[in-house]
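Welcome! Take a moment with the sequence and the model, and then let us walk through the fold together.

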Amino acid sequence: MIVPDPKAVRRQLTRYASLRIAQAEHAVPARARELEDVSYTLCVMMGTTSVRDAIARADALLAEDQLKEKETDGEGDLSLVG
């Protein structure tokens with residue numbers, strides 16, 4: 001399976017959350033269509049057919065990416081002072 005770029009996933013999740021909030025506050029047909037598009041994109045990116053599953057996989061991917069970043073950030077921090 002192709003792993004999507006975590007930055008792209010984060011952008012889609014942010015768009016999804018913003019649209020969900022905006023739509024809940026004031027429903028607008030155009031926003032509903034955009035929310036459907038973003039939901040579909042998330043599903044395609046994460047290889048799911050359900051937006052809930054896509055969000056769960058996206059969260060797991062981002063958590064894994066964050067863990068990898070922490071591990072690699074520490075590699076250059078070796079101190080010679082004990």
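**A glutamine and its contacts**

Gln 23 touches Val 28, Arg 31 and Ala 32, leaving out residues up to four places away in sequence; contact here means heavy atoms within 4.5 Å. Gln 23 sits in helix α1, which covers residues 6–25. Gln 23 counts as buried because its relative accessibility is 17%, where buried means under 20% relative accessible area with a 1.4 Å probe, protein chains only.

A word on the background: this is a predicted model, in which local features need pLDDT of at least 70, side-chain atom pairs count only at pLDDT 80 or more, and totals for chains, interfaces and linings use all residues. Residues are numbered from 1 along each chain as its sequence is written, and side-chain values use heavy atoms, with hydrogens and water left out.

Now step back to the whole chain. It has three helices and zero strands, in the order α-α-α; helices are DSSP runs (H or I) of at least four residues, strands (E) of at least two, numbered from the N terminus. Of its 82 residues, 26% count as buried.

Of its 13 residues, Val 9, Leu 13, Tyr 16, Leu 42, Met 46, Ala 54 and Ala 58 touch the most other members. Helices α1, α2 (29–46) and α3 (51–73) each supply at least two residues of this core, and α2 gives the largest share, five residues. Beyond its neighbours within four places in sequence, Leu 13 contacts Leu 42, Ile 55, Ala 58, Asp 59 and Leu 62.

Conventions:
Buried means under 20% relative accessible area, exposed over 50%, partly exposed in between (1.4 Å probe, protein chains only). A nonpolar core is a set of buried Ala, Val, Leu, Ile, Met, Phe, Trp, Tyr and Cys residues joined through side-chain atoms within 4.5 Å.
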